[in-house]
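Biologist: I would like to go through this model by question and answer. Please show the sequence and the structure before we start.

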Amino acid sequence: MARTKRDTINLIRMLLTDHEDFWQHQSAVLHKYKNAYESKFWDAELYDESMIRVETADCFSYVEGFIAALFSRSPAVVIGDDVALAQGDPDLAQAAVNRFLHDQREQLEIASRLAIIYPSSFLKLSPVESIDMLSKVEMKAVPPWEVLVDRDAAGWDRQRFCAHVYYLSIPEARLKFGNKIYNPVPKENYFEDRSYLKSGEDNYSDLPDDYLYIKVIEFYDFAYDKLIFWSPNYKNGDELLEEGPIPVRSYDDRPLSNIAPLYYARKPERPLEGLSAVSRVYDQFYEKNILRTYWANAVRRDSRQYLYKEGAFDEEELAKITAGVDGAMIATDEPSLAGLIMPVGVEPISSNFDRYLANIESDINRGSILAPFSRGEATKATATEVTALAQYSASEIGKMARERDSAIEEIALLYLRQLALLADEGEKSVITVKGKAKVITSEDLYGKFRISALDQGNQPIADAIRKQNLVSMLPVLTQLGVDPELIKEEIIRAFEFPESFSRLPEAKGKVGARSIPADLPPEPTGELPAEELARTLLSSVSASPRGGGR
């Protein structure tokens, strides 16, 4: 049964109220996470103004350690077609998506940082005006409090609805929805207390339109296949701004939103409620800042103080004592000098504080899945232990990278579907595929593709393990008869050597079809030369530059 417009508006009002209450309840805690990352820990805490405050950068290094491990220098995907429903051109679609993703590295990094500090983040793809068919879509990282999700759903693809809550300036609203009469409001910041704005005492009529906004809810109703735009600032929310079928569809005509989720951790019972990585160790950051602040204030009070017998010295003599002039003569009428001046004892800080700080550091390290040496810390671990820790860290980071890759795959799908929708009939563009310029049309993007993310910038730990494994396998590969030229190409690729290394030297003599210098000894054969080659390359692994992917 169709739902009436009044029922739709009431549903959106109810869901928006629940969404805002949910995130308002978390704002104070998330604000603390934000301050800890920005080294503004004391901004949200009560303290004595006379107290010296110390803030550590542990939260920043914790978050950026994950960002560095998840860093993708050039995000990309591999696209293949479905043999049963082979349409479109997967090679052209792959080139188009990878061209788009290459320019979105910054937004992907912002989304990763948001998803680590806060419970989750999202990436929204939106249409944009462009004369180039392949540039008609742009992407933006979105914080979690701006996206309304169906928190009862078992997964992203099983939602009954989702929505994006954002602000549009009055000129943008008129361009998008027509020249309607709006009741403008100031743009709110999630972390600012703007309750004073509800008093109605502020008058914004004197501000230009560019500084006036309306709140818009872009609502995707998957149950009824409707895309609805609603604003409480248009006719008091009693009318819809716009309504229509959801335009972006999957290959099998399933409605899609234009939002891709990024969750690095989830609540087990509610997959669409994320968990912040910072929340696992925030208490330790809190304790460390408190402890360091206490020490800083204690050190300031650790000064040399003295007691002296009253009346033994006048003001001039006391001035000479405190001046500390070498060779100064100070007179006193006392019959004995004993007991005239004595230092005030200062009790040392208890060693319990050192042990407590060590426990805090240990808790912080346990809260991070990165091995200590990956954070630049020296350890006394053996080579075997280091290798095991590296593989563990690589596998744990690999789990998070899989979540990031899932977001990239969703982005690739949405990009192709939106591009096929936005491109005019017969519109063409030119793209480079395998070094050759080719013409691409919207029909080339319309197909049922299999999309897999390709990490072109693996994290350093995995790179080191991969290169070490490659070098250790050289004797085996040689004995198996693998072409030395192929082995050389793989080594040059893995270690990012210049392409000039693959060129053959100038010929001084010829053997068959291959040019080689005439005065060189015969090519090495047998097991021993291969082992020597492996040992030579293995010794250079630790000193080689960080390798990339393909």
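Biologist: In which loop does K235 lie?

Modeller: This is a predicted model. K235 has a positive phi of about 55° although it is not a glycine. The residue lies in the loop between β7 and β8.

Biologist: Is K235 buried, partly exposed or exposed?

Modeller: Its relative accessibility is 48%. The exposed class starts over 50% and the buried class ends under 20%. K235 therefore counts as partly exposed.

Biologist: Which residues does E239 contact, leaving aside neighbours within four places in sequence?

Modeller: E239 is placed in the loop between β7 (226-230) and β8 (240-244). With a relative accessible area of 31%, E239 is partly exposed. Leaving aside the neighbours within four places, its contacts are K5, I9, W230 and Y234.

Biologist: How far apart in space are E239 and F229, C-alpha to C-alpha?

Modeller: Along the sequence, E239 and F229 are ten residues apart. In space, C-alpha to C-alpha, the distance is 9.8 Å.

Biologist: What is the phi of S39 near?

Modeller: S39 is found in the loop between α1 and α2, and is partly exposed with a relative accessible area of 32%. Its phi is positive in a residue other than glycine, near 55°.

Biologist: How are α1 and α2 oriented to each other?

Modeller: Helix α1 (residues 5-37) and α2 pack with their axes 7 Å apart, at an angle of about 90°. Angles of 65 to 115 degrees fall in one class, so α1 is roughly perpendicular to α2.

Biologist: Which residues of α1 and of α2 make this contact?

Modeller: The residues of the contact of α1 with α2 divide into six nonpolar, no polar and one charged. From α2 come C59, F60, V63 and E64, and from α1 come Y33, A36 and Y37.

Biologist: What is the handedness of the crossing of α2 and α4, left-handed or right-handed?

Modeller: On the α2 side V63, E64, F66 and I67 take part, and these meet E109, S112, R113, I116 and I117 in α4. The residues of this contact divide into five nonpolar, one polar and three charged. The crossing of α2 and α4 is right-handed.

Biologist: Is F100 buried or exposed?

Modeller: F100 is found in helix α3 (residues 90-102). Its relative accessibility is 6%, and the cut-off is under 20%. F100 therefore counts as buried.

Biologist: Which residues does F100 touch, not counting those up to four places away in sequence?

Modeller: A76 is 24 residues from F100 along the chain, and their C-alpha atoms are separated by 9.0 Å. Not counting residues up to four places away, F100 touches L125, V137, E138, M139, I411 and Y415.

Biologist: What is the relative accessible area of A173?

Modeller: A173 lies in helix α5 (residues 170-177). Beyond four places in sequence, A173 touches L168, G178, Y182 and I214. The C-alpha atoms of A173 and Y213, 40 residues apart along the chain, are separated by 8.3 Å. A173 is buried, and its relative accessible area is 0%.

Biologist: Is the lysine K288 buried or exposed?

Modeller: K288 is found in helix α6 (residues 282-301). Leaving aside neighbours within four places, K288 is in contact with T56, D58, L357, I360, E361 and I364. Its relative accessibility is 7%, so K288 counts as buried.

Biologist: How many helices and strands does the chain have?

Modeller: Of its 550 residues, 41% count as buried. Among contacts with a separation of 6 or more, residues 24 or more positions apart account for 70%. The secondary structure comes to 14 helices and 18 strands.

Definitions and conventions:
Residues are numbered from 1 along each chain as its sequence is written. This is a predicted model: local features need pLDDT of at least 70, side-chain atom pairs count only at pLDDT 80 or more; totals for chains, interfaces and linings use all residues. Side-chain values use heavy atoms; hydrogens and water are left out. Helices (H or I, at least four residues) and strands (E, at least two) are DSSP runs, numbered from the N terminus. Buried means under 20% relative accessible area, exposed over 50%, partly exposed in between (1.4 Å probe, protein chains only). Contact means heavy atoms within 4.5 Å. A crossing is left-handed if the near helix is turned anticlockwise from the far one by less than a right angle, and right-handed if clockwise. Ala, Val, Leu, Ile, Met, Phe, Trp, Tyr, Cys and Pro count as nonpolar, Asp, Glu, Lys and Arg as charged, and the others, Gly among them, as polar. Axes are lines fitted to C-alpha atoms, for helices over the stretch in contact, and angles run from 0 to 180 degrees between N-to-C directions. Angles under 35 degrees count as roughly parallel, over 145 as roughly antiparallel, 65 to 115 as roughly perpendicular and the rest as oblique.
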